[in-house]
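Please walk me through how to read the packing and the charged pairs in a structure like this one.

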Amino acid sequence: MSTILVVEDESVIRVALRRLLERHDYEVSEAGSVQEAEQNHDLASFDLVISDWMMPEMDGLSLCRALRKKKSNGYLYFILLTSKHEKEEIARGLDAGADDFLVKPVNATELSARIRAGSRLVVLNREIAHQRNLASGALSKLQTVYEAIDHDLRQAKEFQQSLLPMRDSLIGP
């Protein structure tokens, strides 16, 4: 199950989004501003953030940039809610790190589909991270085995050399 944070300054939209998402069995938290989100939530604990683009004080693009810098324990899928639909604005949002956009008013079916797509990416990222950890552990074990074999080979070489007669004793008077 994905954990979702909804950041929206309009309480009617925020509550409607939360209720819609909870009906689909998502664990949802909400905040009325970026500052409230930062003060009341561990932002790194969420899998997905849905944020309004235009908010007072700090906008959704700034939140997206900040989260991209902070998130270190996995991938965060970021959806911007906007009334903007111009190509330049969408490009600006993508450059800020947004993964997806939803135009207001939000269509419930489209929102659900985009969240499922984002959840698949988050799960895939976790699986890749898990596989990378397994590979890293295996590589570490192989390195340990290699070092032990190398050590044994050096000892065997020294032992074999100790069995050979000294060169100086082979040269006669």
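Predicted model: local features only at pLDDT ≥ 70, side-chain atom pairs only at ≥ 80, totals over all residues.

Q: How many residues has the largest nonpolar core, and which have the most contacts inside it?
A: In soluble globular proteins, nonpolar side chains tend to be buried together. A nonpolar core is a set of buried Ala, Val, Leu, Ile, Met, Phe, Trp, Tyr and Cys residues joined through side-chain atoms within 4.5 Å. Buried means under 20% relative accessible area, exposed over 50%, and partly exposed in between (1.4 Å probe, protein chains only). Here the largest core has 21 residues, and Leu5, Val7, Val49, Leu63, Leu67, Phe78 and Leu80 have the most contacts inside it. At least two residues of this core come from each of strand S1 (3-7), helix H2 (34-40), helix H3 (60-70) and strand S4 (77-82). H3 gives the largest share, four residues. Another core, of 16 residues, lies apart from it and includes Ile4, Ile50, Tyr77 and Ile115. Helices (H or I, at least four residues) and strands (E, at least two) are DSSP runs, numbered from the N terminus.

Q: Which residues of H3 are buried, and what covers them?
A: An α-helix has 3.6 residues a turn, so residues three or four places apart point the same way. In H3 the buried residues are Gly60, Leu61, Leu63, Cys64, Ala66 and Leu67. Their cover includes S1, H2, S3, S4 and helix H4 (87-95), with contact meaning heavy atoms within 4.5 Å.

Q: Is Asp52 buried or exposed, and what does its side chain contact?
A: A polar contact is a pair of N or O atoms within 3.5 Å; within protein, one must be able to donate a hydrogen and the other to accept it, and residues adjacent in sequence count only if both atoms are side-chain atoms. Asp52, in strand S3 (residues 48-52), is buried at a relative accessible area of 5%. Its side chain makes a polar contact with that of Lys104 (3.0 Å).

Q: How many salt bridges are there?
A: A salt bridge is a side-chain nitrogen of Lys or Arg within 4 Å of a carboxyl oxygen of Asp or Glu. The count by this rule is eleven. One of them joins the side chains of Arg18 and Glu30 (2.2 Å, N to O). Arg18 lies in helix H1 (residues 11-23) and Glu30 in strand S2 (residues 27-31), so this pair ties together parts twelve residues apart in sequence.

Q: What does the salt bridge of Arg126 and Asp47 tie together?
A: The two side chains meet at 2.3 Å, N to O. Arg126 belongs to helix H5 (residues 108-163) and Asp47 to the loop between H2 and S3, so the linked parts are 79 residues apart in sequence. Arg126 is partly exposed at 43% relative accessibility, whereas Asp47 is buried at 7%.

Technical notes
Residues numbered from 1 in each chain as written. Heavy atoms only, no water.
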